[in-house]
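Here's a quick briefing on the structure shown below. Have a look at the fold first, then go through the points by topic.

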Amino acid sequence: MRGFQWAALAAACVVAGGAIAQVMPSPNAASVPGVVIGADLLRWDPDIRYGRLANGLRYAVRHNAAPKGAISLRLGVGVGSYDEADDERGVAHFVEHMGFSGTRSFPESRLEATFAPLGVAFGRDHNAATELTQTTYQIDLPAAEAGEVDQAMTWLRDVADGMLFQEAAVAKERGVIQAERATRAGAFGDLRQRMEDFQDATLRANARQPIGTEASIAAMTPARLKAFYDRWYRPDNAVVVLVGDLPLDELEAKVKATFGDWTPRGPAGARAPRTPPTAARGLETLVQTDVHLAAVEAICRVTGPDPLGPEEVKLRTRLLRGVWSTVLQHRIDAAKSRLGAPIVEASIASDARPDSLKTCVEIVPEKGQAARALAMVQAEIRRFAADGPSETEVDSAVEEVRSYVRGAITGLAHASPDQANDILDRALDRMPTLAPREALMAFDVLLEGSRPATVSAAFARDWAGWGPLVVATSPEPLTEATVRAAMAEDKAAPKLAAAAADPTAAKWAYDSFGADGKVVQRTALTAPDFVRLRFANGVILNFRRNKYDGKSVAVRVRFGSGRREIAGDDLLLAQIGADFLKTGGLGRNSYADIAERLRDESWDVKLYIGDDAFFMQGDTNASSLDEELHVLSAYLTDPGFRPSLDGEIATAVDAAYRSYASVPALLLGESMAEAVTPGQPNNLPPRERLMATRNADFARILKPALTGAPLEVTIVGDIDEKTAIAAVATSLGALPPRTGPRPQPKAWFMRFPQTLPDVVRVQHQGNSEQAMLGAYWPLYVATPARRREEYSLLLIAAIMRDQLRHRVREDLGMTYSPDAATRMPDNADQGYLLAVVETRPADAETVLKEVRAMADRLARGEITQSELDAARTPLLSQFQAGEATNDYWASALTFSTGDGQGMRDLLERRQRIGALTVDDLKQAAAQWLSRPPVVILATPATKEARK
């Protein structure tokens, strides 16, 4: 689930994708070979006040002023789906839903009506989650006013012992949960379940997925729900966490006043056995072929859960798992980087459950290379098992983990919602939340003395039990015999020689970009407060110090004209090329070289194509800012677009086409584009055209802007101006000048035709339980002069989303998470308002009628002040919370040059939306919702059509 500090301590497990168990301090010294661990190694963060009430309820409170004046409240119950009886599958999750469907103080229709006016958005600020071992409830208030906090505390107490389980509410929620189950099943839910059944066989964790089964949900009764609720929702099995802008004494007093008289109802529940994998399983295979499947493979092992013992020893076990995973991952990456390697991607993932640990190496092979990819990865696993890591590899992996820990500490969750989540997760697992320095100290002690033999022993423990279990999906013919042969291919072969060096690799070539740049102009600006500096080479630096987002630093580089300097026929290629820029490497160094060079740094490179500019993003932290700007400078002067990625591009394109056929949401958008603008650049072209795409095509389209357009960099974070200037001076500020306007070919922007289709019916090849409809109302081409109308339509979409949730989800139980939104870029594509509802195929026509009727009511002006407030207040609260983040200010300052309209839009957004009236909304709805929408309805293909 969520977490920071122990996830940081077990950072290499994160690299391996592992679920990291957390621990509490042991009362006695722990014994670890070669390591002396004192009893006080894991010390609690002194800024958090912990306590236990007389009834057994544990609590934690912390003062935090980010966001200022806000408060986050959490209730965690130490039970999830794992402890359900055979006839209760899905009951823990069903109970979670009932916390929103009628309680002692909040009848079903009153809960959202109470909290929406307080700025609390359902699903974002007010939500819950059920996992195998815990159920959590959250509510985040933008203001810690006494009355509002008391209402939130009352709801948490109602969740604890005031759920009503009324027959009508249970019946409605049953439909919602069935819709949620269909949503979570995804395009190939049955296939995924077959694969999990194969890997996890008789394990209880596999038979206790929180969503339950269709039969168990249908059979759920109020009595069964209440029986589970009474057994497990008890003060001695719960934790309350409050984090926010109130004094500690006041926070603690609220917990005591609200929960002090909570008493258990009946006997406590009995925990289900944590039975580990039994019997013996060797090499087994499961192969699934279908033309709509992407090629994916996994080599897995399933063994027992981590052994019981002193808490520090358990944590060290997980840290060592991270170390061996890091070493093996680097070996696989090195094999992948060889010329002609059959692997697009491979990664190690671990999943810790109450009864088992599953560890997999997941592989994406190049098209047609499934057997070779398996053989290559299996060969690396065999060599690692036989020879173990070298001293150098262990030292390097430990240093990489330590660097990750430092980076995670500098990026410590600062906002109250994140801190509340972290503390709750730790407390439910009965472990401490550590102060940052304590976390780093514990890491150093726990991994002291790690040697190759230690890491090899950790690998042998984890890569044991059942297996190897190999699963493979393929769009092409693939047999289990082929898979078995690939796994055994190198068994009797001698050890492979070291990989030949990649002839394109070289020493790191981007330490220097010339003499340090000089600042020739400095302008201090107010409203907002930031500094704009111009370097001698023309580079502009916008800088603002922001102390409210930890030690993270946001970096944005704006250049060129974006979509306006891309010919319409090249638009899709440009968008794909932007995604491949990072892995395409540099002219003199491959992506593997970059990853190795920056292994100990926090860095990233993302390229976005805006309507008026290109944007490169590379968020980092204060200690890695220099390296981040150097790597961005390298991509902006010598992007690689290496031919070695051509096979990976073809594999990704092939997988994307298969996804369009099987994922309703993707099919929806493509079908809309084809319906309203047939044959235009925003449509998916024939497969053959994109399959022929090469990195040279991306270079032709993107390289001129990357290497020639003038640059404007924005840096926001908790660093001083001198540091920001120095970092830019040695990187972007040292580049040769870039001058002159960019070419402007005839760009293409989408326009709806005058005559619109009504209902376009398409069939998808995915989950037979899923249907999806999208209703698109054409709007206009947005401009700053029409911002009031644009914001009115934004709120109309929010009202429509609320109404869809009330009517289609809560009243009819026909969907789980309906949505409505507007898309309105300035002076670019024509805007539209979109409503999307996922439902069961049998309910699709009914849902469509409800969507049309809802739009008709809005067009007739049936909008009330209370509906406007319920939609607007949570939106304004969300905007306000975001205004303390680096991302918000980086976005604002990135648009501060020129006429500054983009920055003003962000700065004035809340004020402008807050000034809108019901009449504004009625006028916009009457004009734009009176016309029938374009409706795309995606339903499952028949069995005959799937063949």
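**Two helices packing**

Leu573, Ala574, Ile576, Gly577, Ala578 and Phe580 in H18 meet Phe698, Arg700, Ile701 and Leu702 in H24, where contact means heavy atoms within 4.5 Å. By class, the contact of H18 with H24 has 8 nonpolar, 1 polar and 1 charged residues; Ala, Val, Leu, Ile, Met, Phe, Trp, Tyr, Cys and Pro count as nonpolar, Asp, Glu, Lys and Arg as charged, and the others, Gly among them, as polar.

This is a predicted model, so local features need pLDDT of at least 70 and side-chain atom pairs count only at pLDDT 80 or more, while totals for chains, interfaces and linings use all residues. Residues are numbered from 1 along each chain as its sequence is written, and side-chain values use heavy atoms, with hydrogens and water left out.

- H18 (residues 571-580) and H24 (residues 695-708) pack at about 90 degrees, with their axes 9 Å apart; axes are lines fitted to C-alpha atoms, for helices over the stretch in contact, and angles run from 0 to 180 degrees between N-to-C directions.
- That makes H18 roughly perpendicular to H24 (angles under 35 degrees count as roughly parallel, over 145 as roughly antiparallel, 65 to 115 as roughly perpendicular and the rest as oblique).

**Overall picture**

- The protein has 32 helices and 26 strands; helices (H or I, at least four residues) and strands (E, at least two) are DSSP runs, numbered from the N terminus.
- Its radius of gyration is 28 Å, close to the 30 Å that the globule rule gives for 947 residues, so the protein is as compact as a globular protein of that length (the radius is taken over C-alpha atoms, and the rule is 2.2 Å times the number of residues to the power 0.38).
- The C-alpha trace spans about 80 × 75 × 65 Å along its principal axes.
- Buried residues make up 56% of the 947, buried being under 20% relative accessible area, exposed over 50% and partly exposed in between (1.4 Å probe, protein chains only).
- Of the contacts between residues at least 6 apart in sequence, 84% join residues at least 24 apart.

**The S9-S13 sheet**

- Five strands form an open sheet in the order S9-S13-S10-S12-S11, with mixed pairing; two strands pair if DSSP finds at least two bridges between them.
- S9 (284-289) and S11 (343-353) are the edge strands, each pairing on one side only.
- S11 runs antiparallel to S12 (residues 356-365), joined by 10 bridges, and Ile348 stands opposite Val361 in S12.
- Helix H7 (residues 189-200) lies across S9, S10 (296-303), S11, S12 and S13 (466-474), running at about 165 degrees to S13.

**The S22-S26 sheet**

- Another open sheet of 5 strands has the order S22-S26-S23-S25-S24, again with mixed pairing.
- S22 (759-764) and S24 (819-823) stand at the edges with a single partner strand each, so one side of each is left without a neighbour in the sheet.
- The twist averages 20 degrees from one strand to the next.
- S22 and S26 (residues 934-940) pair in the parallel sense over 6 bridges, with Gln763 opposite Thr939 in S26.

**Around strand S7**

- All 7 of the 7 residues of S7 (residues 135-141) are buried, so this strand is largely enclosed by the rest of the structure.
- S5 (residues 71-77) runs antiparallel to S7 through 7 bridges, and the bridge partner of Ile71 in S7 is Leu141.
- S6 (residues 126-130) pairs antiparallel with S7 over 5 bridges, and the two form a hairpin with 4 residues between them.
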